[in-house]
Amino acid sequence: MEQDRLFRFQAFKLPNSLALRSCGVYLSGALYALGVWAFLDAVIYSKTVNASDVHVTFVDWIPIICSTLGMLIVNSIEKNRLLNDALGNGGFGGSSTTTWAARVILFLGFSLLAGGVAGSIVVLILKFLMKHYSFPTLGMGVSNVVANGAIMLSCIVLWVAQNIEDEYSYSLAL
Amino acid sequence: MKVTPLTKIIFLSGFLAAGFLLIILSCALWSNWYPLYVVGIFLLAPLPNTLFTRSEFDDFMSDSSSNTNDFAKFITAFLVASGIALPLVLYHTRLVVLPATIMSTSGGLLIYTSIIVFTLFFQDSEDEF
């Protein structure tokens, strides 16, 4: 490992430690709460102090529902199914159908996540920017985008944190 | 200097009571009882870690225990961030005023830290046996 290094400095190395993993999981939960509360803030704002005639309707709820469903799907996949295939023995065995199922469901989850972010941007543009609203009203659309971005970031952080642990346990098991 | 457990317990109960005092004052001074939800959130926050984190099952070879530990940590961080975010949202939507926001947030953090420090002390005293 040490002598087949190309550069003088190692570019990027995932640290293998349990503390970093739990930090990542905590950070992911905090980011998810940030997203949910950013959206709920827009909802309550639209109900209470909203001076304009634009309100948060069910259209604004659709992207965050998509993001939450996508995060649930992505993180409930057993990652060993994908890992088995990546190690190269998933070709002809009986596990290939489950590997394919895992891939399809994972694709569904990621497209739900991306669709949530894209949908929130679409709502921002079509509902707020195209009608030239000024900022206190525009803030409801912006917080929708912030909420979906935070949920996607939380999903990414959770995925990376769990993969850190997988590497750790492999390096101890082998 | 050795601190006796009785002193620790007295100081922690003082901090806990100060936290409750701050939150109830932030509700009662403006007779607006929305910030009382913060107490519920911060009392729920230490529960998942204490329920799911078992040190005898904390084995890196088995997957299921680490998964439940991850879920508990996720829920814990979600609840703590919610407890911080809820007064800010209430302030932004003008349901409470700014001093009530500050008082309820600091009171909730006092309650949470006193519970966490209490469990740490309890674990320390258990390790000495």
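Let's start with a word you'll need throughout: a residue is called buried when its relative accessible area is under 20%, exposed when that value is over 50%, and partly exposed in between, using a 1.4 Å probe and protein chains only. With that in hand, look at A:Arg21, which is buried, with a relative accessible area of 8%. Keep this residue in mind, as we'll come back to its partner.

First, some ground rules. What you're looking at is a predicted model, where local features need pLDDT of at least 70 and side-chain atom pairs count only at pLDDT 80 or more, while totals for chains, interfaces and linings use all residues. Residues are numbered from 1 along each chain as its sequence is written, chains are lettered from A in the order in which they are written, and side-chain values use heavy atoms, with hydrogens and water left out.

Now to the chains themselves. In chain A, an unreviewed UniProt entry marks residues 25–46, 58–77, 100–126 and 138–161 as "transmembrane region".

Residues 25–46 of chain A are 100% helix and 0% strand, with end C-alpha atoms 32 Å apart. For residues 58–77 of chain A, the figures are 95% helix and 0% strand, with 29 Å between the end C-alpha atoms. Over in chain B, residues 97–122 are 96% helix and 0% strand, and their end C-alpha atoms lie 38 Å apart.

Next, see how the two chains meet. Counting heavy atoms within 4.5 Å as contact, 26 residues from chain A and 20 residues from chain B take part. Together the chains bury about 2000 Å², 70% of it on carbon and sulfur atoms; buried area is the accessible area (1.4 Å probe) that two parts lose on being put together, summed over both. A:Tyr26, A:Trp37 and A:Asp41 supply 28% of the area that chain A buries against chain B, more than any other three residues.

Side chains of opposite charge can pair when their charged atoms come close. A salt bridge is a side-chain nitrogen of Lys or Arg within 4 Å of a carboxyl oxygen of Asp or Glu, and by this rule there are two over all chains. A:Arg21 sits in helix 1 of chain A and B:Asp70 in helix 4 (residues 63–92) of chain B, so this pair joins two chains. Their side chains meet at 2.5 Å, N to O, and B:Asp70 is buried too, at 4% relative accessible area.

There is also a salt bridge between A:Asp60 and A:Lys127, with the closest N and O atoms 2.7 Å apart. A:Asp60 belongs to helix 2 (residues 58–76) of chain A and A:Lys127 to helix 4 of chain A, so the pair ties together parts that are 67 residues apart in sequence. Both A:Asp60 and A:Lys127 are buried.

Is A:Leu126 buried or exposed? A:Leu126 lies in helix 4 (residues 96–129) of chain A, and at 54% relative accessibility A:Leu126 counts as exposed.

Notes:
UniProt positions renumbered as here; feature names shortened; annotations may be inferred. Helix = DSSP H or I, 4+ residues; strand = E, 2+ residues; numbered from the N terminus.
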